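Hi,

Here is the structure I said I would pass on. Have a look at it first, and my notes come after.

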Amino acid sequence: MTSEKTVPSAAPLSEGKTRTNSTFIRVFRYSLLRLASMMVTVIIGVYLTILIANMGGYVDTIMRNEIRDNTTQGILANPNYRSLSTEAKADLIQSKIATEEKRLGLDQPFAVRSIKYLKNALTLNLGRAINMKSDQGSKEVRLILLERLPATLLLTGSSSLLLFFASLYIALALSRKYGSFWDKMVIAFSPTSAAPPWFYGIFLILIFSAIFKALPFGGLVDSPSPDNPFDYGLSVLKHLILPASSVIISSIFLSIYNWRTFFLIYSTEDYVEMAKAKGLKPRDIESRYILRPTLPTIITNFALLVITLWTGFTITETVFLWPGLGITLFRAIGFYDTPVIVGSTIIYAYLLAITVFLLDFVYALVDPRVKVGSGNS
Amino acid sequence: MKILKNSIRDLLRYPSAILGLVIIIFLLVVSIYALATIPYSEAVRLWRGGEDIWYQNPKYASPAWLNAFSSKKKPVSFAVNTTDGSMTKTITPSSDPEISTVDVTYEFDYAYDDVPQELIIYFTSQFKEKFSFVSVSWITPDGRTIRIADMAADSKLTYRFAQDQKLQKRLKTENVMQAIFADPNSPTQEPLKGRYQLVISATTFEKDAALDAEFVLHGELFGVAGTDRYRRDLLLPLLYGTPIALAFGLIAALGTSLLTMVIAAIGTWYGGWVDELIQRITEVNLVLPFLAILIMVGTFYSRSIWLMLGVTILLSIFSGSIKTYRSIFIQSKESSYIEAARAYGASSSRIIFSYLIPRMVPLLIPALVSSVPSFVFLEASLAVLGLGDPILPTWGKVINDAFADGALYQGRYYWVLEPAILLMITGFGFAMLGFALDRIFNPRLRDV
């Protein structure tokens, strides 16, 4: 589809045809190579995550011991089995342990199991969690992750999108009058972005929840949650204010500063001076001469931002007790729940690989100087 | 040398850089002071010790300087001891050589608007068979003498005023503190301000018997930094957390940026499969979940801060900045001075370490300084997740303890604010210096 767009329409038919062909082959070969290398990257990355999530197999030993303890305790404490002889009890314990280990796949060596994990992960067959359950009681990793997705997307989406567009807009305005009071303010405040969101979170909780008691300390909705959907939404919104603000505060100044500097570099180009000399309106200069050439960078940043939304803000969610994916991943690690950890990682890896792959084509669309598959990319 | 001088002169033109430098020097001084006065083992002992080290301190006490900002003065804790001379002890022998009297009196001014939480006396005595006998009395500023208790002192005896039921009966109230501090003429039971006197008179019945006492007042305020739920003095983690935070931030920043640069230089210089391999590793590293791996390492292997540091550096080497450095190295690889070096037969390692990398130092320094705060906060973030170093007192640990105890709900703001403000100061100090350095070393930014 991209190949067609790169064909100059005015070209003679015969020449155009061979060109289409060569462009098509080039793009096709490039895409294939790129896809293959992306896939290898994803496979290695996910396999490394699986190895780390199992401590190279050591988690198995922990789980075996846990199963042994629990089954033995359970059978010895159960009054129904009291009449059994010691040998019969031992047999029963052994067989129960074996069933339990088989259920968790512990009867296979780790090397085999890790390949199975990898295969399932790559085919997005996320499987069942080992210890965790969704609030509905399901052990399906897919359901556990899906259940938390809305809360995470609400927080990451609202804060990151607002942050992105607000800083672009403000940066553009500041780049037009750099050296002004507000410009200097932004520069002076940009070191505040050295602190992560949760850090501003504790100050916001202190001021708005503890001292003024105006906003809740954390959580997603009031407890008990309101029945009426409107009140429910309002309550969620009230809980969203502090975590979202802490995310925005922690990076807004640096983000504006970076975009502003970036726009400034472009706005000192000769063609912008030329446009100014021609007497074009500032709006037109901005949209046609500054935003247009910077579009690839803006799109890249936006695309990478969108995929990071998926991962959630683990620590901010922890501080605000926000029931999102970040907190789920953190809890999964605490439970040694490899399927959940791997499930969360594989989705991120795929999203990242697909985005990076597509970005090459998007560049070719928005920047006529870039050709897909040419050069040393 | 001249370049260095010029850079410093340039730096001093930025007020934010001066402020940043002052903050960093202040933190360094605090670190040196902390390391010099509190040896590592002592810091760990004071932080992890247990009740017998922290018993002197009240629980959840705010810092004492808060009184300066409040019209209602809250009692400040103190502890005095006869062994170190902060409380005087006089021994009077009697006609019988076996029997002598030990008198301990302690006078103190009490000018607070609230009664203390608790008064405690810890007796330690040495004897062979016969217990010493102790009687304690209390003299209020208006001259009333209250008999507190009479008891036999075992080798270790702890006497808590508020929990003594005999005393409660005698004073006809459960609130002993109110009874011994309140002004009898005040209808609202305001504490009587003035000079109080604790009188301990003991009789020992053996020739070599000895008796020492320690008097502790648990107020609502304590020391410079206050205490936490375990009665630990927070000054220790605040002081000792400084060198730890600086060490973590600086080592991580230095290790990451130097290694990234060296690897990028090696990759571009040799090219071919080396370069290809480095680029592929960078892509794989992009897929790996950084925080999740740190959490896993903390949960499964060890929470030691030095292991975390190693993993952090390892995961941060192959980051996006390797690509930035690579593109610059590709340019400088073609410069004429490299060609000249090649012509005279310089070895690859000589070219990489003596010619390629030194040219990048101007780019390296601002990036290095600016990345320190993110690593300092990373250490705190891990601690907030409960993955802080189990034995070392750090700022992040204090925030984590405070959160776990609901300090913000309970209004114990000092507990969270003290480490948070130190973290903030550290972060801003390095960030401000880094920003200024960036503008000095990257002239492209200077005029915009």
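Predicted model: local features only at pLDDT ≥ 70, side-chain atom pairs only at ≥ 80, totals over all residues.

Below is what I found, chain by chain and then where the chains touch.

**Chain A**

Chain A is a helical chain, with 14 helices and zero strands. If you walk along the sequence, you just meet one α after another. The chain has 377 residues, and a compact globule of that length would have a radius of gyration near 21 Å, whereas chain A comes out at 28 Å. Its C-alpha trace spans about 100 × 70 × 40 Å along the principal axes. Buried residues account for 29% of the chain. Of the contacts in chain A with a separation of 6 or more, 70% are between residues 24 or more positions apart.

The helix pair I looked at in this chain is α10(A), residues 270–278, and α11(A). Their axes are 10 Å apart and the packing angle is about 160°. That angle is over 145°, so α10(A) counts as roughly antiparallel to α11(A). The crossing is right-handed. On the α10(A) side you will find Y271(A), V272(A), A275(A) and K276(A), and they meet I285(A), Y289(A) and I290(A) of α11(A). Sorted by class, that contact has six nonpolar residues, no polar ones and one charged.

While you are at α11(A), which covers residues 282–309, click on P282(A), which lies in that helix. Is P282(A) buried or exposed? It has 11 other C-beta atoms within 10 Å, and the cut-off for exposed is 12 or fewer, so P282(A) is exposed.

**Chain B**

Chain B has strands as well as helices: 18 helices and nine strands. For its 448 residues, a compact globule would have a radius of gyration near 22 Å, but the value for chain B is 31 Å. The box around its C-alpha atoms is roughly 105 × 50 × 45 Å, taken along the principal axes. Buried residues make up 38% of chain B. Residues 24 or more positions apart supply 73% of the contacts with a separation of 6 or more.

Eight of its ten residues are buried, so α15(B) is largely enclosed by the rest of the structure. The buried ones are W395(B), G396(B), K397(B), V398(B), I399(B), N400(B), D401(B) and A402(B). What covers them? The cover includes α7, α14, α16 and α17 of chain B. Just after α15(B), look for G406(B), which takes a positive phi of about 65°.

The other pair I went through is α9(B) with α14(B). The axes of these two helices come within 11 Å and cross at roughly 50°. That angle makes α9(B) oblique to α14(B), and the crossing is right-handed. From α9(B), the residues involved are L294(B), I295(B) and G298(B); they meet L382(B), L385(B) and L387(B) of α14(B). This contact has five nonpolar residues, one polar and no charged ones.

**Where the chains touch**

Now for the interface. There are 36 residues of chain B in contact with 39 residues of chain A. On the chain B side, the elements that give two or more residues are α8 (272–287), α9 (290–300), α14 (361–387), α16 (407–410) and α17 (413–441). Which of them gives the largest share? That is α17(B), with ten residues. By class, the chain B side divides into 29 nonpolar, five polar and two charged residues.

Best wishes

Note on methods. Residues numbered from 1 in each chain as written. Chains lettered and ligands numbered in written order. Helix = DSSP H or I, 4+ residues; strand = E, 2+ residues; numbered from the N terminus. Buried ≥ 20, exposed ≤ 12 C-beta atoms within 10 Å, placed from the backbone. Contact = placed C-beta atoms within 7 Å. Nonpolar A, V, L, I, M, F, W, Y, C, P; charged D, E, K, R; others polar. Axes fitted to C-alpha atoms, helices over the stretch in contact; angles between N-to-C directions. Parallel < 35°, antiparallel > 145°, perpendicular 65-115°, else oblique. Left-handed = near helix turned anticlockwise from the far one by under 90°. Rg over C-alpha atoms; globule rule 2.2 N^0.38 Å.
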